[in-house]
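Trainee: I would like to learn how to read a model of this kind, feature by feature. Where do we begin?

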Amino acid sequence: MTGPSTIIALTGGSGFIGRRFAATARAKGYRIRHLTRHAAADFNPDDEVCAFDLEAANHDAASLRDCAALAHLAAYIPHNHDDPAAA
């Protein structure tokens, strides 16, 4: 499955774990397509960036076209960690 044309779609690529996952996958020969709300994030220039909002009701299938896998590493981090119900 690995090879220079194998693409992994990645959510959470600008986060702590996502950045490390992308670097490791890239080192193993995968290409990365970031599915992100933050197109201006500091992604590796070799990576693809695709506008994607996890909260949207519908998603464009083109976001995953030609991808061998999807790594979902995005997380919701509340502003108030003391109250799990706080947004």
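Mentor: With a helix. This is a predicted model, and in it helix α1, residues 16-27, lies across β1, β2 and β4.

Trainee: At what angle does helix α1 run to β1?

Mentor: Helix α1 runs at about 175 degrees to β1.

Trainee: In what order do the strands of the sheet come?

Mentor: The order is β3-β2-β1-β4, in an open sheet of four strands with parallel pairing. At the edges are β3 (48-51) and β4 (67-72), each of which pairs on one side only. From one strand to the next, the twist averages 25 degrees.

Trainee: How many bridges join β1 and β2?

Mentor: Five bridges, in the parallel sense, pair β1 (residues 7-11) with β2 (residues 31-36). For a residue-level view, take Ala9, whose bridge partner in β2 is Arg33.

Trainee: Next, the largest pocket. Which residues lie nearest its centre?

Mentor: Gly12, Arg37, Ala74, Ala75 and Tyr76 do, out of 25 residues that line the pocket. Two or more lining residues come from each of β1, α1 and β2. The space in this largest pocket is about 680 Å³.

Trainee: How is the lining divided by class?

Mentor: The lining has 12 nonpolar residues, 10 polar ones and three charged ones.

Trainee: And how should I read salt bridges?

Mentor: Side chains of opposite charge can pair when their charged atoms come close. Here there are three salt bridges. One of them joins Arg26 and Asp47, with the closest N and O atoms 2.8 Å apart.

Trainee: What does the pair of Arg26 and Asp47 tie together?

Mentor: Arg26 is in helix α1 and Asp47 is in the loop between β2 and β3, so the pair ties together parts 21 residues apart in sequence.

Technical notes: Residues numbered from 1 in each chain as written. Predicted model: local features only at pLDDT ≥ 70, side-chain atom pairs only at ≥ 80, totals over all residues. Heavy atoms only, no water. Pairing = 2+ DSSP bridges. Axes fitted to C-alpha atoms, helices over the stretch in contact; angles between N-to-C directions. Contact = heavy atoms within 4.5 Å. 1 Å grid on protein atoms, 1.4 Å probe; cavity = no way out; pocket = protein on both sides within 12 Å on 5 of 7 lines; lining within 4 Å. Points joined across faces, edges and corners; volume = space filled by probe spheres on them. Nonpolar A, V, L, I, M, F, W, Y, C, P; charged D, E, K, R; others polar. Salt bridge = Lys/Arg side-chain N within 4 Å of Asp/Glu carboxyl O.
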